[in-house]
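Reader: I'd like to go through this model with you. Can you put it up?
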Amino acid sequence: MGTDDLRPLSRKTVKAVCPHDCPDTCAMDITVENGTAVAVRGGDMPFTESALCTKVARYLDRVYAPDRVLHPLRRVGPKGPGQGRWERIGWDEAIDTITSRFRAIAAEDPQGILPYSYAGTMGLVSYASMDRRFFHRLGASLLERTICSSAGSAGIALTLGGSVGMDPEQVTDAKLIVIWGSNPIVSNLHFWTRCQEAKRRGAKLISIDPWRNATAQKCHQWIGIMPGTDAAFALAVMHVIVKEGRHDAEYVAKHTLGFDALRERIAEWPPERAAAVCGVDAEVIVAFAREYASAKPAAIRINYGLQRHYGGGMAVRTVTCLPALTGAWREPAGGILLGTSGFYGLDHNALERPDLIRGDPRKINMCAVGDALLEADPPVRAVYVYNSNPVAVAPDSAKVAKGFAREDLFTVVHDVFLTDTCDYADIVLPATTQLEQFDVHKSYGHLYVLANNPAIAPQGESKPNAEVFRLLAKGMGFTEPCFSDDDETIARQALGLKHPNMEGISWDSLKEKGWQRLAVPQRWAPFAEGNFPTPSGKCEFYSERAKLMGLDPLPTYTPPIENPQSNPDLARRYPLAMISPPARHFLNTTFANLAFARAVDKDPRLEIHPDDATARGIADGETVRVYNDRGSLQLVARVTPDARAGVVVAQSIWWKKLSPDGRNANEVTSQALTDIGRGATFYDCLVEVGRAD
Ligand SMILES: Nc1nc2c(c(=O)[nH]1)N[C@H]1C(S)=C(S)[C@@H](COP(=O)(O)OP(=O)(O)OC[C@H]3O[C@@H](n4cnc5c(=O)[nH]c(N)nc54)[C@H](O)[C@@H]3O)O[C@H]1N2
Ligand SMILES: Nc1nc2c(c(=O)[nH]1)N[C@H]1C(S)=C(S)[C@@H](COP(=O)(O)OP(=O)(O)OC[C@H]3O[C@@H](n4cnc5c(=O)[nH]c(N)nc54)[C@H](O)[C@@H]3O)O[C@H]1N2
Ligand code: SF4
Ligand SMILES: [Mo]
């Protein structure tokens with residue numbers, strides 16, 4: 001028996017938060033025994049209902065993974081996958097190496113330095129605080145963080161005024177739930193449990209999605225539309241509703257702007273026209289319109305899947321008009337939800353200190369990082385990657401990898417694991433996991449604020465993001481007091497704003513309680529009486545701001561860049577529309593390296609409709625090649641009508657180096673940006689598929 005076993009058992013439960021990029025932002029209770037985390041459970045926060053999803057229930061596999069990066073590393077071999085040979089170095093040497101390179105570049109032009117980060121952790125401290133201060137003060141290029149939600153956010157802002165919507169907790173009382181471009185069993189589990197409760201109480205569930213995903217399989221109806229055609233569908237639905245006088249004339253008159261103009265626009269969209277665009281029967285559109293207008297309350301859950309197309313911003317703007325037309329906003333269980341983040345009043349200026357920005361740095365769009373690394377002028381000379389894995393997640397991956405492979409580029413990656421991006425790093429820094437750091441969280445899928453308390457000591461020599469930026473700031477000689485703020489001070493600053501929804505919420509109360517609901521009513525119908533955060537205070541069918549942005553001021557259909565209508569020649573060569581939505585046991589590329597997650601999915605697959613498979617002589621289980629002008633990858637075919645005809649589905653996001661041919665779906669996706677919000681167009685992607693031989 002070792003001496004450790006004779007110690008009295010110290011056992012505690014720590015209130016934490018799931019850090020991942022997921023709308024549920026769950027509360028977690030961590031059981032710690034003698035300094036080791038032994039159990040992770042769902043916390044008592046109402047939205048979480050004490051249950052975590054299967055992947056985060058295995059969070060300790062991540063925390064205690066034997067292949068975690070635990071020390072700073074310096075690359076001693078050539079750049080690229082399979083090449084990396086690492087040499088352990090100390091933190092002092094790592095910080096010195098980075099700051100001396102940054103100093104030399106900054107002396108000529110600090111815009112040569114590019115931060116690259118996204119949502120590896122969503123905590124306000126780790127996501128955007130000390131890091132932003134550091135790069136602002138440095139005068140580095142500014143990164144447009146648009147890889148996920150910016151098109152939808154910009155689209156919904158035109159119609160509703162911000163990232164606001166119905167309270168997802170109320171959906172249990174809905175009579176109709178439309179799950180539109182969303183797969184909540186995979187990506188919004190705790191919303192789905194509420195949909196199931198509504199179903200038990202008699203609600204009808206309809207999925208509108210090109211893919212009969214896990215959720216659609218459990219809905220009463222699946223409407224399998226072609227990718228990128230949602231706006232056409234919604235315009236025809238509005239056409240039917242207004243033509244048949246099924247709209248809520250009183251709500252429309254009081255709380256919307258531009259109904260007459262909208263009426264003219266939707267007159268152009270009889271169901272037959274939309275049916276041809278969307279690839280569904282006109283009768284399906286008519287029946288849906290009647291059902292949607294008559295069900296009370298009717299809830300729509302849209303997710304970000306439907307805005308990953310060129311017309312994605314306008315699609316979200318257009319779909320979002322529906323609940324005002326039918327007055328669905330009158331009830332707490334009615335309306336539409338894309339995200340809730342606009343309800344929070346957090347002090348992002350205090351967190352990020354945009355006032356520190358030196359000069360007028362250029363902006364680089366993260367979705368086009370491949371082109372930026374290869375073509376930007378003046379060139380990008382150093383990249384600092386944290387909270388992200390661009391070599392695997394950014395589109396047009398061959399260009400991204402080629403950019404990162406540049407011998408003259410100095411690359412730092414701060415991560416928990418040796419990701420695909422680390423293969424190109426000069427210096428790798430070890431990151432803590434959520435169990436090893438302080439943080440404070442908002443959510444984009446509910447209405448609570450949560451505190452994350454550290455449960456265990458940092459593993460190895462790992463450090464949280466903010467700590468590394470404090471060291472870098474010191475190394476650069478930045479003397480502004482904000483560079484000495486500790487993590488709790490930063491959390492306190494985040495909550496320092498006077499905002500009606502934040503009343504009674506402070507860092508101290510939060511740290512103690514673990515979570516607090518925003519100061520809004522329990523049964524809340526935010527727009528029952530209008531009060532939209534638009535300039536007019538109304539739901540804007542007509543948008544002056546859209547006009548000023550050079551856009552159509554009315555809802556409209558903007559087709560994908562890659563489809564038969566916009567590019568018939570391309571569509572002849574590459575007739576299949578490929579989408580690559582989230583896989584259940586991965587979170588983007590996070591978890592995709594862990595044995596439990598890989599055991600479920602085994603090989604990366606391509607779901608293809610039997611008609612499309614037969615036409616190409618492809619049998620179920622065969623290895624296929626997916627290709628277009630940007631690149632190609634190998635996948636295993638799953639022949640299934642769950643992918644609608646004309647559409648192929650490659651669930652994502654796999655690590656490239658853990659895939660059979662070292663490639664993932666982003667080999668074929670495009671760097672083109674959306675109509676509004678300069679977002680990514682991952683699902684605006686035509687391909688051809690053939691047998692691998
Ligand atoms: N398990 C798991 N959860 C995740 C993630 C993950 O990778 N795995 N990723 C997280 C992230 S970063 C995000 S942004 C969120 C939300 O991420 P989303 O990308 O919204 O993901 P889903 O909710 O899976 O829903 C996307 C759905 O949109 C469909 N779709 C694609 N194109 C269209 C279209 O043009 N029209 C319509 N109607 N549907 C379309 C897809 O087939 C899919 O079913 O999920 C988060 N949660
Ligand atoms: N083909 C295709 N591509 C896609 C998508 C798709 O649907 N299809 N979805 C897109 C979307 S919606 C998104 S949001 C992006 C996601 O892109 P990313 O935000 O890059 O997501 P991840 O791949 O999960 O990478 C996050 C990395 O951050 C690391 N990390 C976690 N916590 C910390 C921390 O505290 N500190 C540091 N330094 N690192 C940490 C993780 O280990 C992980 O390697 O991908 C996009 N790419
Ligand atoms: S990934 Fe989402 S559902 Fe899973 S524990 Fe985290 S917040 Fe909850
Ligand atoms: Mo995302």
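Reader: How far apart are the centres of domain 1 and domain 2?
Author: 25 Å, taken over C-alpha atoms. The bounds come from an automatic or database domain assignment. This is a predicted model: local features need pLDDT of at least 70, side-chain atom pairs count only at pLDDT 80 or more, and totals for chains, interfaces and linings use all residues. Residues are numbered from 1 along each chain as its sequence is written, chains are lettered from A and ligands numbered from 1 in the order written, and side-chain values use heavy atoms, without hydrogens and water.
Reader: How much area do domain 1 and domain 2 bury between them?
Author: About 2,200 Å², with 65% of it on carbon and sulfur atoms. That is accessible area (1.4 Å probe) lost on putting the two parts together, summed over both.
Reader: Which residue does Asp487 pair with?
Author: Arg470, at 3.0 Å, N to O. Asp487 sits in helix α21 and Arg470 in helix α20, 17 residues apart. Helices are DSSP runs (H or I, at least four residues), numbered from the N terminus.
Reader: Is Asp487 buried or exposed?
Author: Buried, at 11% relative accessible area. Arg470 is buried too, at 14%. Buried is under 20%, exposed over 50%, partly exposed in between (1.4 Å probe, protein chains only).
Reader: Which residues form a salt-bridge network?
Author: Asp173, Glu197, Arg200, Arg201 and Arg523. Within it, Arg201 and Glu197 meet at 2.9 Å, N to O.

Notes:
A salt bridge is a side-chain nitrogen of Lys or Arg within 4 Å of a carboxyl oxygen of Asp or Glu. Helices (H or I, at least four residues) and strands (E, at least two) are DSSP runs, numbered from the N terminus.
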